[in-house]
Amino acid sequence: MRTLGFFLLYKVIMRYFLSWIVGVKWINKEHLRGKGPFIFVSNHNSHLDTMAILAALPAKQIPTTHPVAALDYFGNSRLKKKITRFLTNAILIDRNRDSNKQSPTNRMVNYLDRNHSIILFPEGSRGAPEQLQHFQKGIGALLDRRPDVAYIPIYMSGMGKVLPKGEKVLVPFVSYVIVGEPRKVKASGVEDIVAEVTAAVRSLEEALKEAIRTPSGE
Amino acid sequence: MNYFFSSRFSENQEVITIISIILGVLVFATLLFYALGRFYPIPKINELKQRTRSWWVMATLFILATVLHPMISFVAFGLLSFVAFRELTSISKNIRPEDRKAIFWCYLAIPVQYFLAYKGYYNLFTIFIPIIMFVWIPFVLVVRGETVEISRSMSILPTQLMFTVFSISHLAYLLSLPELQGFNSGGRGLLLYIVFLTEMNDVFQFTWGSLLGKRKIVATVSPNKTWEGFLGGMLTTVLVSYFIRFLTPFSITESLVTGLLIACTGFVGDVIVSAIKRDNGRKDTGTIIPGHGGILDRIDSLAISAPIFFYWVYNLYYAV
């Protein structure tokens, strides 16, 4: 029942809403087709980012894919917490770290060990629209613990204009989601892994620019 | 079933004729490129084949939008404006984050404009975007309060609305024109005439330009536009206009002048969009049509030729 609900919500409603009304274009979507678990790593500009990734996943994978979200933002009221968990399967992480609960990395590792996938936005917050921020250490710590899990870099552009931080009205703009190939991390050590993943996302940014720019010869 | 088709479609000989011509041209192009690819492969043959495939899809959608129930036609043209406007604002590098609310108003203007066209409220239809939205958008921007670069946004947004919504809605308004005595195919015929001629003019200019093109007209904007292509295309368009004047109430002279008008205005629309793309560092306005680019890449010529054709025919035959 829940699987059917997810299917309707993401593969039917969200997908066509995003592509027909908002104008989202997915590039190299087929890289998402492999068998998980994966760690999806993406830049973050808008609430629609999570939707755009979930809508592009194969239907079977959606119920076992968990976006990582901030508890203080999405869990500050009980209702919001319930809705977020119910609609997206989110893992809510306490950013303040003063609670004695299990560490965020441990919780994510638990999900990976159950063959579930994780969506991470290592910029931490949606930040200034359409600018790539520094990646936080969390992704490094996670991949350091589970280097055998493949990660998929994703770069998104335009969604920060559609629904930026603090805005309530959605305005359509053509947006792009470019997906990289699944790969295993090569570097070791938290800092180096963060650098490697950042470079992977940045190279997608370049690839996207290349795909839509004016050819010099024409 | 009869509900969905326009009542006059099946008994309208002219409309059936032009649809047959459109399909005939497509069959001819498909066979030609297939044969060329097989026996005499020229460079870019695959792109031409892909373009032809996209033409099939576009022609089918257009014919359906024209012959089905008028309500469907208006919704279809409204969607065309919506996608074209979205492409234009999305590639524009000068749009500020503060312009979002004004852009939202622009989107709201699309259904209003097409409703006015559907109802045939001629006076309101002609002033809604050029006068009312022209004032309303700058006002919304002013209320937002961010004045840095505001004059730029004030000029860009109304222009984009004019180019993609106001102009294209004239195609839809053709369907609301009253019937004329002794002119059988009506607004539907005029719609098929202007779209067929404008798109064919693009194809003719491209073909003559590819075959003979040497002297560039606007090298810094679009290196593919040559005098040979423009003039060759113009002559062919005038000729075709003469032969398909059965769709219009035009006399022979009027049909020749109209062909000339469409060739020139189509060219103008084409180079305007080329210049906008170049300014914003894009090769196409989008990726929606394989081989062509965005919707706007295809309707750029229509954006200028449609309103000019509309007022030309309106003032000749419909103004009382």
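**Note on a predicted two-chain model**

1. Chain A has a radius of gyration of 17 Å over its 218 residues, and a compact globule of that length would come out near 17 Å, so the two values agree. Along the principal axes, the C-alpha trace of chain A spans about 60 × 40 × 35 Å. This is a predicted model, and what follows should be read with that in mind.

2. On confidence, the predictor assigns the complex an ipTM of 0.87 and a pTM of 0.91. For chain B the average pLDDT is 91, and 97% of its residues score at least 70.

3. The secondary structure of chain A consists of eight helices and seven strands. Buried residues account for 39% of the 218 residues in this chain. Among the contacts in chain A with a separation of 6 or more, 74% are between residues 24 or more positions apart.

4. What is the order of the strands in the sheet of chain A? Seven strands form an open sheet, in the order E1-E7-E6-E2-E5-E3-E4, with mixed pairing. Strand E1 (24-27) and strand E4 (91-93) stand at the edges of this sheet in chain A; each has a single partner strand, so one side of each is left without a neighbour in the sheet. On average, neighbouring strands of the sheet are turned by 20 degrees against each other, direction ignored.

5. Strand E3 of chain A deserves a separate point. Is E3(A) largely enclosed or exposed, and why? Five of its six residues are buried, so E3(A) is largely enclosed by the rest of the structure. With E5(A), strand E3(A) pairs in the parallel sense over three bridges; here A:Pro67 has A:Ile119 in E5(A) as its bridge partner. With E4(A), strand E3(A) also pairs in the parallel sense over three bridges, and the bridge partner of A:Val68 in E4(A) is A:Ile91.

6. Which helix of chain A lies across E3, E4 and E5? Helix H5 (residues 104-113) does so, covering strand E3 (65-70), E4 and strand E5 (117-120) of chain A, and it runs at about 165 degrees to E4(A).

7. The loop between H5 and E5 of chain A contains A:Asn115. The phi of A:Asn115 is near 65 degrees, which is a positive value in a residue other than glycine. A:Asn115 is exposed, with 11 other C-beta atoms within 10 Å; a residue counts as exposed at 12 or fewer.

8. Chain B has 10 helices and zero strands. Along the sequence, its pattern reads α-α-α-α-α-α-α-α-α-α. The radius of gyration of chain B is 20 Å, and this agrees with the value near 20 Å for a compact globule of 320 residues. The C-alpha trace of chain B spans about 60 × 50 × 40 Å along its principal axes.

9. In chain B, 42% of the 320 residues count as buried. Of the contacts in chain B with a separation of 6 or more, 71% join residues 24 or more positions apart.

10. Chain B likewise has a residue with positive phi to look at. B:Glu149 has a phi of about 65 degrees although it is not a glycine. Its position is the loop between helix H5 (122-144) and helix H6 (150-173) of chain B. B:Glu149 counts as exposed, with 12 C-beta neighbours inside 10 Å.

Note on methods: Residues numbered from 1 in each chain as written. Chains lettered and ligands numbered in written order. Predicted model: local features only at pLDDT ≥ 70, side-chain atom pairs only at ≥ 80, totals over all residues. Helix = DSSP H or I, 4+ residues; strand = E, 2+ residues; numbered from the N terminus. Rg over C-alpha atoms; globule rule 2.2 N^0.38 Å. Buried ≥ 20, exposed ≤ 12 C-beta atoms within 10 Å, placed from the backbone. Contact = placed C-beta atoms within 7 Å. pLDDT = per-residue confidence, 0-100. Pairing = 2+ DSSP bridges. Axes fitted to C-alpha atoms, helices over the stretch in contact; angles between N-to-C directions.
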